[in-house]
Amino acid sequence: MLSPHSHRRAIPAGARVGFWRARDGWMLRRFDWPADASPRGSILFQAGRGDVFEKYLETLAHWHHQGWSISAFDWRGQGGSGRLSGDPRVGHVEDFALYVADFEEFWRVWRKGAVGPTVAIGHSMGGHLVLRAMAEGCIAPDAAVLVAPMLGLKTPVGAGFGEWAARRIGGRGDGARRAWRGNEHPATTATRQALLTHDDARYRDEIHWQTVQPDLVLGPPSWRWLIEAFASTRLLRADPRLADVRVPVLMLLAEYDQLVSARAALRVAARLPDARVVRFGRECAHEILREVDAVRDRALAEIDAFLAARLGGRP
């Protein structure tokens, strides 16, 4: 059996990459990797803004080797799921409800064919949308893992003023235009890698995929995406339905995350009936599952133990 490391720059032989047609005919690129033998259960993994599932093949291989069947899809408007603006390098969406609708529909179809307990795992924007879908009653997994979830945007001026400024500036003219030039965050002297991971090799893995599949590359968000991100996170933080989410939740947070607010996530976690929080310090940037081995191994061990405790099977 190949180790998870061998899958970082190649689609596994047993996996399938194809497309799924949404209710309106939009084609979403999907990834499916059935378990080799009797499945322990089924995981639907959703990455963050601008991401593609190729970035997480090493982590998906870790779970697959433990007996999980794995699926994922690129969010509408990014990766291999087309674009929603005229500029193919801009991540645009008119309303986050469109993401939720896609997720709900995909989950419903995927759940019918899933074997064993189902797990929803989301990173960053994916974590936000997993939790929002659960709060709105769109999905009901047996367990959920939120990795550096986008429950508040990191901004030096505060979320309230940040949203006001985004609406003030981005609300004029074409909302699909880019909100800033490049990088993952405006007005920062940090390199893109410094915002994402301390692991040079894993960062180069992403650059590899961008090189061999340039059509998947996405740059900064649009002003409309930014406005919607502020609004969707604000509304979710205040959503009274969080208290009704009975799904066991594991939340992994990077306390010095420069892209999303760990403090906002902690406040949300306190309102969930069944949530465990694991915190990482200065050793960890935003992409916890693509960090240096010491961080990543701890994160995977926490996820493995959580799923074993809640769903059974080997830790």
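A residue counts as buried when its relative accessible area is under 20%. By that cut-off Arg202 is buried in this predicted model, because its relative accessible area is 2%. Its salt-bridge partner is Asp293, at 2.8 Å from N to O. Arg202 lies in helix α6 (residues 200-212) and Asp293 in helix α9 (residues 293-311), so the contact ties together parts that are 91 residues apart in sequence. Asp293 is partly exposed, at 38% relative accessibility. Both residues belong to a network of salt bridges.

The side chain of Arg310 forms a salt bridge with that of Asp274, with an N to O distance of 2.6 Å. Arg310 is partly exposed, with a relative accessible area of 39%. Asp274 is partly exposed too, at 23%.

A further salt bridge joins the side chains of Arg178 and Asp87, at 3.0 Å from N to O. Arg178 is in the loop between α4 (159-170) and α5 (192-196), and Asp87 is in the loop between β4 (68-73) and α2 (96-113), so this pair connects parts that are 91 residues apart in sequence. Relative accessibility is 34% for Arg178, which is partly exposed. Asp87 is likewise partly exposed, at 29%.

In total, the model contains 28 salt bridges.

Notes:
Residues numbered from 1 in each chain as written. Predicted model: local features only at pLDDT ≥ 70, side-chain atom pairs only at ≥ 80, totals over all residues. Heavy atoms only, no water. Salt bridge = Lys/Arg side-chain N within 4 Å of Asp/Glu carboxyl O. Helix = DSSP H or I, 4+ residues; strand = E, 2+ residues; numbered from the N terminus. Buried < 20%, exposed > 50% of the residue type's maximum accessible area, 1.4 Å probe, protein only.
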